[in-house]
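Please look over the sequence and the three-dimensional picture below before reading on. The paragraphs that follow then lead you through them, from the whole chain to single residues.

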Amino acid sequence: MSVENAYTTLYSLSLLVIAVLIAAMIYRSIKGPQITDRLLSVNMINTLVIVAFLILGALLDEAYLTDVAIIYALISFVSTLVFASVYIRRKKGGK
């Protein structure tokens with residue numbers, strides 16, 4: 001087995017594990033039970049998608065996927081801020 005084949009296998013298995021973790025986080029975001037669980041699971045999904053982009057970029061040897069991961073990270077950060085502000089508003093309104 002050559003080094004390239006070993007890296008391809010490693011990257012493929014890593015992407016498979018990340019896909020399983022994303023599925024688990026989707027289940028947690030649907031199931032709940034609290035809104036904080038949903039907020040954290042959506043944030044974790046976004047982080048795993050960023051890592052998947054970076055691994056896929058290394059696997060395919062494509063540099064543009066790093067740029068896509070950076071842009072997705074910026075969008076993910078903004079969406080986390082929006083979800084947190086909605087949670088804070090809901091929490092203050094309930095008291």
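Helices here are DSSP runs of H or I with at least four residues, strands are runs of E with at least two, and both are numbered from the N terminus. With a relative accessible area of 47%, leucine 81 is partly exposed, a class that lies between buried (under 20% relative accessible area) and exposed (over 50%), judged with a 1.4 Å probe and protein chains only. Together with Phe77, Val78, Val82, Phe83 and Val86, Leu81 makes a nonpolar surface patch of about 540 Å². Patches of this kind take residues with over 30% relative accessible area and no salt bridge, and they join nonpolar side chains (Val, Leu, Ile, Met, Phe, Trp, Tyr) within 5 Å, or like charges within 9 Å; a salt bridge is a side-chain nitrogen of Lys or Arg within 4 Å of a carboxyl oxygen of Asp or Glu.

Some notes on the source belong here. The model is predicted, so local features need pLDDT of at least 70 and side-chain atom pairs count only at pLDDT 80 or more, while totals for chains, interfaces and linings use all residues. Residues are numbered from 1 along each chain as its sequence is written, and side-chain values use heavy atoms, with hydrogens and water left out.

Now step back to the whole chain. The protein chain has 3 helices and 0 strands, and from the N terminus on its elements run α-α-α. The radius of gyration of the protein chain is 17 Å, well over the 12 Å that the globule rule gives for 95 residues, so the chain is more spread out than a compact globule. This radius is taken over C-alpha atoms, and the globule rule is 2.2 Å times the number of residues to the power 0.38. Taken along the principal axes, the C-alpha atoms fill a box of roughly 65 × 25 × 10 Å. Of the 95 residues in the protein chain, 17% are buried. The accessible surface comes to about 6900 Å², and 71% of this area belongs to carbon and sulfur atoms; the areas come from the Shrake-Rupley method with a 1.4 Å probe, and for residues only the protein chains shown count as cover.

Helix α1 spans residues 3-31. This helix has 29 residues and reaches 42 Å from its first C-alpha to its last, close to the 42 Å expected at 1.5 Å a residue, where the expected span is 1.5 Å times one less than the number of residues. Which residues of α1 are buried? They are Ile18, Ile22 and Ser29, and the buried residues of α1 pack against α2. Isoleucine 22 counts as buried because its relative accessibility is 17%. Leaving aside neighbours within four places in sequence, isoleucine 22 is in contact with Ile45, Leu48 and Val49, contact meaning heavy atoms within 4.5 Å. Serine 29, also at 17% relative accessibility, counts as buried too, and, with the neighbours within four places in sequence again set aside, its contacts are Arg38, Ser41 and Val42.

Follow the chain beyond α1, where glycine 32 takes a positive phi of about 90° just after the helix. A cis peptide bond, with omega of about 5°, joins glycine 32 and proline 33, and proline 33 lies in the loop between α1 and α2.

Helix α2 (residues 35-60) has 26 residues and reaches 37 Å from its first C-alpha to its last, close to the 38 Å expected at 1.5 Å a residue. Its buried residues are Ser41, Ile45, Asn46, Leu48, Val49, Ile50, Ala52, Ile55 and Gly57. One of them, asparagine 46, is buried with a relative accessible area of 9%. Apart from neighbours within four places in sequence, asparagine 46 is in contact with Tyr72, Ser76 and Ser79.

Aspartate 61 is found in the loop between α2 and α3. Is this residue buried or exposed? At 69% relative accessibility, aspartate 61 counts as exposed. Its phi is near 60°, a positive value in a residue other than glycine.
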